[in-house]
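Welcome! Have the model open as you read this short briefing, and follow each point on it.

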Amino acid sequence: MRSCSILINLVCVITVSYTVSGHPFSFLPRHAVERAAERRSINRQMIEHNSNFLTPLSEYGTRTESKPVEPWTKITQNPVNGIETIVGSKVELECKASGSPPPEILWFTGSGSNEQLIEYVKTSTHSLYDPSEEWKGVARINSKLVIECVTPDDAGLIYCASVSAREVKISTPTVLLVNNEGGASNCSSESDPVITLYSPTLVATIGATVVLPCRASGKPTPQITWVDNYNIPLTLSTNLRHRVLDNGDLIIEELLWEDMGGYTCQAKSKNRQQVISTFLYPLRPEKEVARTVN
């Protein structure tokens, strides 16, 4: 696998434009939006659940009435411009974004104008967020698209989209060229764990329920564990307000000031592992924060 050079980028674009022009848009994986909506539904149910271990917010000052806050998002790092690879290889693309509320990053393929791309994503993702004027935090999000075994059908234009409520931003495309000369696919039966989604930084209001994402891919499927800001492995037996979902996300209910710090997610498969860290900053209810994340 290698990045397309400047000299062949034009060739890449010309070649792919004939193969994907008019091609219908498609999310990667195909059911990405449905899965994201399902995760959001689970999170909402947990947030609406009345907890018996709520610390009174009076300890942190009186909660002021929520003010309307305009959602925003931006792509802070586009995926690479072009990749040329062979059938059976593994491809990884990375996209970084920030936003408020914390954005969802989705990958898709297809061809069209920027207006068409945004309209497609908005139409497809309208169910991801409840219409609400309450401020729900701000976060930076890193996402990777992993194609474990490239086929000729994977060739084309690939985009990432950052979605925060009704705001959508689209990355520049990656032109993926697949050379199928030389024949058969040689897909590996095993691959190292790769963390495909996490948040390096998340700011949320004290008393809120927050979600720290950590998703991973690999063969065999990686096992995900979390360590809290005191370097203690997180289980229901160690902290009732913290729970790790089946998809790897960490939910912290009724956020406290004492929850501030770094949380570490580990994705492990056999003797191989990858580790990332999320810094969580609880914000006192009476304070406001800037609308951008550096």
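This is a predicted model: local features need pLDDT of at least 70, side-chain atom pairs count only at pLDDT 80 or more; totals for chains, interfaces and linings use all residues.

Residues are numbered from 1 along each chain as its sequence is written, and side-chain values use heavy atoms, leaving out hydrogens and water.

**The sheet around that pair**
- S16 covers residues 250–252, and three bridges join S16 to S12 in an antiparallel pairing; two strands pair if DSSP finds at least two bridges between them.
- Three strands make up this open, antiparallel sheet, in the order S12-S16-S15.
- S12 (210–212) and S15 (242–244) are the edge strands, each with a single partner, so one side of each has no neighbour in the sheet.
- From one strand to the next, the twist averages 20 degrees (axes are lines fitted to C-alpha atoms, for helices over the stretch in contact, and angles run from 0 to 180 degrees between N-to-C directions).

**The chain as a whole**
- The protein chain has three helices and 18 strands; these are DSSP runs numbered from the N terminus, with helices (H or I) of at least four residues and strands (E) of at least two.
- Of its 294 residues, 45% count as buried (under 20% relative accessible area, with exposed over 50% and partly exposed in between, using a 1.4 Å probe and protein chains only).
- Among contacts (heavy atoms within 4.5 Å) between residues at least 6 apart in sequence, 76% join residues at least 24 apart.

**Strand S7 and its partners**
- S7 (residues 138–147) is mostly covered, with eight of its 10 residues buried.
- Nine bridges pair S7 with S5 (residues 91–100) in the antiparallel sense, and isoleucine 141 in S7 is the bridge partner of alanine 97.
- S7 also pairs with S11 (residues 191–205), antiparallel over five bridges; here alanine 139 stands opposite leucine 202 in S11.

**Helix H3**
- H3 (residues 114–125) has 12 residues and should span 16 Å at 1.5 Å a residue, which agrees with the 16 Å between its end C-alpha atoms; the expected span is 1.5 Å times one less than the number of residues.
- Leu117, Tyr120, Val121 and Thr125 are buried in H3.
- Seen down the axis of H3, the buried residues fall within an arc of 105 degrees, so they line one face of the helix (the arc is that of the directions from the helix axis to the C-beta atoms).
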